[in-house]
Amino acid sequence: MRIWIGLVVSVVAVGLATSSPAGAAEKKPNIIFILSDDVAQGDLGCYGQKLIKTPNLDRMAAEGTRFEQAYCGTSVCAPSRSSLMTGLHMGHCPVRANREIQPEGQFPLPAGTATVAQSLKAAGYATATAGKWGMGMFDTTGSPFKKGMDHFFGYNCQRHAHSYFPTYLYNDDKRFELPGNDGKGIGQTYAQDLIQNDVQAWLRKHKDQPFFLFYAITLPHGRFEIDKLGQYESTNWTPQQKTYAAMVSRLDSDVGGVLNVLKELGIDDNTIVFFAGDNGSSFDPKSEIGKHFDQTIGGKLRGFKRGMYEGALRQAALVRWPGKVPAGRVSQDPWAFWDFFPTALELSGADAPKDVKLDGKSLVSFLKGGDAPKRNYFYWELHEGPKSIQAIRFGDWKAVRNGPSAPIELYDLSVDVAETKNLAVSKPDLVAKAEKLMKEARVDDPNWPMKDGKAGTPKKK
């Protein structure tokens, strides 16, 4: 009997010893989403940029997966990041344009809107956002603290975030002044220094528990100002070109800083890091910036911010997770911002929000090297100008309607990614399908009626 008991104890001990590492391997992964304000695919070396140096993002691409067809929520700031947070495309998202609120802030996420941060927090994650929120001031339903965030640092209002040398920032909901700044030009205190320092300090503080960080960096959005031009100071470029390049390289440096902290803390292998822009290039291809830095990648991408063509909707997008996400992979399969919420749910084991149907699909298997999830379509709309504009992609077919009364344009992205050949006249059946899908994809919202006139043009971000 004693021999038998001893054998049982030995077997149990061996089982515990061998199960511990496996249990450790099942630890919930940390999740970081770094969202750059206005960076374009063509700005980064890993997408072909020759003049602006982005060694950290290029390394992130080499150590992870780079996506050629990753799509934003829509082609301007607030609705795009609202789609990311809510898992809803523009046919269902409660924010479908930038809309200013005075004296500070934007149209807030409504009270009943679920966010990825809320689900992750309920699953035991520490949560934080830094940089720019822009989805509701602290006294509204869209406050980051009412949408699942434990900590906030930076700008809440998009308008305030236009200055890189503002007179104040927020630490949580407490405003603090920045010495030597007037908010009108370059001052003594560069806000991005403080934001980056806070992010790195927060990561160190929460290294021993699962965490979710939404790092919404304002770079390289205009106003175009930075504390140092660095390697670009001696070029013969225009002042704006020098500044823009320095801003993109500073973005790159700060992403590298985050990755370095993860390695320093020994949590690199258990942290998945997403990087993306919030919309396509903000420059006309013929402009001083767009032309000089070839943001269309040799004419590959048509359009820019506030449009519905691929140059406005496709993002520079990278995902890195050592040992899980294939290194050096370049994917041509499409995904969109509204996929992030269900992806985070699967990664974390968090429960989906009740009574909410997310539009996205989990990308976990795809990110690990598998096939992209199947879906019927991708849908976008925007209510920024005199006309509401729409786009829908089904398979390799892309339809664009630049106003409710405008004719639907049709492009075959498999052979015409630059959207140069409108096939609508020769493909009436596909135009009819696109029109049906556009109608099916959206729910009317009194805040975002479909407009076809010149009145009520919103202010630009």
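1. The chain has 461 residues, for which a compact globule would have a radius of gyration near 23 Å, and the protein has 23 Å, so the value agrees with that expectation. The model is a predicted one, and the figures in this note should be read as computed from it. Along the principal axes, the C-alpha trace spans about 90 × 60 × 45 Å.

2. On overall make-up, the protein contains 11 helices and 15 strands. Buried residues account for 59% of the 461 residues, while the accessible surface of the protein comes to about 18500 Å², with 54% of that area belonging to carbon and sulfur atoms.

3. Which strands pair with E2, and in which sense? Strand E9 (residues 314–320) runs antiparallel to E2 and is joined to it by 5 bridges; within this pairing, Thr65 has Val319 of E9 as its bridge partner. Strand E10 (residues 329–331) pairs with E2 in the parallel sense over 3 bridges, and here the bridge partner of Phe67 is Ser331. Strand E11 (residues 335–336) also pairs with E2 in the parallel sense, over 2 bridges, and in E11 it is Ala336 that stands opposite Tyr71.

4. A colleague checking the cysteines will want to know how many disulfides the model contains. The count comes to 0 disulfides, where a pair of cysteine sulfur atoms would have to lie within 2.5 Å to qualify. For Cys72, the closest cysteine sulfur is that of Cys77, and because the separation is 11 Å, it is too far for a bond. For Cys77, the closest cysteine sulfur is in Cys157, at 10 Å, which is likewise too far for a bond.

5. Are Cys72 and Cys77 buried or exposed? Cys72 is buried, with a relative accessible area of 0%, and Cys77 is buried too, its relative accessible area being 0%. Both values fall under the 20% relative accessible area that marks a residue as buried, so the description holds for Cys72 and for Cys77.

Conventions
Residues numbered from 1 in each chain as written. Predicted model: local features only at pLDDT ≥ 70, side-chain atom pairs only at ≥ 80, totals over all residues. Heavy atoms only, no water. Pairing = 2+ DSSP bridges. Helix = DSSP H or I, 4+ residues; strand = E, 2+ residues; numbered from the N terminus. Buried < 20%, exposed > 50% of the residue type's maximum accessible area, 1.4 Å probe, protein only. Rg over C-alpha atoms; globule rule 2.2 N^0.38 Å. Areas by Shrake-Rupley, 256 points an atom, 1.4 Å probe, with all protein chains shown as cover.
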